[in-house]
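The report below is meant to be read beside the sequence and the coordinates.

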Amino acid sequence: MRNFTPSEVLVEAGSEQGPIYKNLKRAFPQVPFTFVEDAREAALALSVANDRFGAGKEKLFLARHRGEFLKKCPGSEGQVCCNYFVINFASNCPMDCSYCYLQEYLADNPALKVFSNVGDLLSEADDLLTRHRNCFFRIGTGEITDSLALDPYIGFCAEVVPFFADQPNVLLELKTKSDCVEGLLRLDPKERVVVSWSMNPQRVIDQDERYTASFEERLAAARRCQAAGYKLGFHFDPIVEYAGWEEDYRDMVERIFAAVDYRRIAWVSMGVLRNTPGLKRIMRTRFPSTRVLSGEQVLCPDGKMRYFQPLRVSMYRKMLSWIRSASPTVFVYLCMESKEVWEQVFGFAPSCEKELGNSLTAVRGEQKFGSGSGCASGARQA
Ligand code: SF4
């Protein structure tokens, strides 16, 4: 994985008080730090040269987050949703995958930002979790950034993991394509933290996941986290179809399940490559030779393009059979897929988003299923 070094760190006035600033100063002694009054204005002034999104990854902004940190995952219209909360502690990512949806989602605001007011984040989470002690939450930090890629420089996990580890009603998911787990190994997750990896065969990583950790580096990091007491998750997403994909993905699944204790895997998800017409246009400019643009896709009702449904079902069934051969009991779900596809792959579909959310939070083991009435949306009743 590439070591990240920004060309400059821009610090919004007031952000130099917190722990993230101190960690950045320690991590980047050679990098110029510039103070700005308002990071939003400075971010808008980013180069508009031919690759604005790529340019956004070169400087790092440290700024206050205005507004709420915790949000319900938006999911995708008409698709079965897994009922999830997200915490946006940063925006954009130092890695650069060809298919990354942030290229479109953050097109007007591509600056790589880390939010300095971690105390506000923790108060907000504390308020939600305390007010709904009878509900169980699944919260992730990898929605508009990678959960761990910046951790060696900002030390975010050391600030938040101890808090979440002490909560009786939450699972925190840290989702990554990096191997930056050093900061986690010193902490005690107390069964409340899942570290999960988006996994692809090395062939896909080489071609479409620029600056990320290799397959072997991710797997080694997963083993270290498991040994340190963390639950693991694996996301086979996006699954890319190409000549020979079956051999590569089967080999990948077998190697993962041979390397870790599957009884301590919290969940596995599967999702095929998806994009939008707008994202495809951006990809053609930023990654003109990528193979992921060449497969045939159809526009689905949620506005996303996916492989034809029969092909998706066939791919998921094959993946599921390889997963089940290696681990008959691990919890597997589909990400952003329709009920029809669920039924054809698993023989059933969750009746509503809460049912899937409940199944996922039930990985704690000691809880019964329940529909969570009275709980905030995104939580299940404990
Ligand atoms: S690791 Fe995730 S967030 Fe980062 S560029 Fe790749 S897809 Fe985007």
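Which residues of helix 5 are buried? In this predicted model, the buried residues of helix 5 are Val118, Leu121, Leu122, Ala125, Leu128 and Leu129, where buried means under 20% relative accessible area, exposed over 50%, and partly exposed in between, with a 1.4 Å probe and protein chains only. Seen down the axis of helix 5, these buried residues fall within an arc of 130°, so they line one face of the helix; the arc is that of the directions from the helix axis to the C-beta atoms. Helix 5 covers residues 118-131, and its 14 residues at 1.5 Å a residue should span 20 Å, which agrees with the 20 Å between its end C-alpha atoms; the expected span is 1.5 Å times one less than the number of residues.

Residues are numbered from 1 along each chain as its sequence is written. Because the model is predicted, local features need pLDDT of at least 70 and side-chain atom pairs count only at pLDDT 80 or more, while totals for chains, interfaces and linings use all residues, and side-chain values use heavy atoms, with hydrogens and water left out.

Taken as a whole, the protein has 15 helices and 18 strands, which are DSSP runs numbered from the N terminus (helices H or I, at least four residues; strands E, at least two). Of its 382 residues, 59% are buried. Among contacts (heavy atoms within 4.5 Å) with a separation of 6 or more, 75% join residues 24 or more positions apart.

Such contacts can be followed at single residues. Valine 313, in helix 13 (residues 309-326), touches Val341, Gln344 and Val345 when residues up to four places away in sequence are not counted, and the C-alpha atoms of valine 313 and valine 341, 28 residues apart along the chain, are separated by 6.2 Å. Proline 94, under the same exclusion of neighbours within four places, is in contact with Arg2, Phe4, Leu112, Ala149, Leu150 and Tyr211; its C-alpha atom is separated by 9.2 Å from that of arginine 2, 92 residues away along the chain.

Aspartate 237 lies in strand 13 (residues 231-239), and its side chain makes a polar contact of 3.0 Å with the side chain of arginine 274. A polar contact is a pair of N or O atoms within 3.5 Å; within protein, one must be able to donate a hydrogen and the other to accept it, and residues adjacent in sequence count only if both atoms are side-chain atoms. The peptide bond from aspartate 237 to proline 238 is cis, with omega near 5°.

Most residues other than glycine have a negative phi, and most peptide bonds are trans. Asparagine 92, however, has a positive phi of about 70°, and phi of lysine 190 is near 50°.

| Residue | Relative accessible area | Class |
|---|---|---|
| Asparagine 92 | 0% | buried |
| Valine 313 | 3% | buried |
| Proline 94 | 5% | buried |
| Aspartate 237 | 15% | buried |
| Lysine 190 | 41% | partly exposed |

Finally, the ligand is surrounded by Cys93, Met95, Asp96, Cys97, Cys100, Leu102 and Lys177, a residue being near a molecule if one of its heavy atoms lies within 4 Å of it. By class, this shell has 5 nonpolar, no polar and 2 charged residues.

Key:
Nonpolar A, V, L, I, M, F, W, Y, C, P; charged D, E, K, R; others polar.
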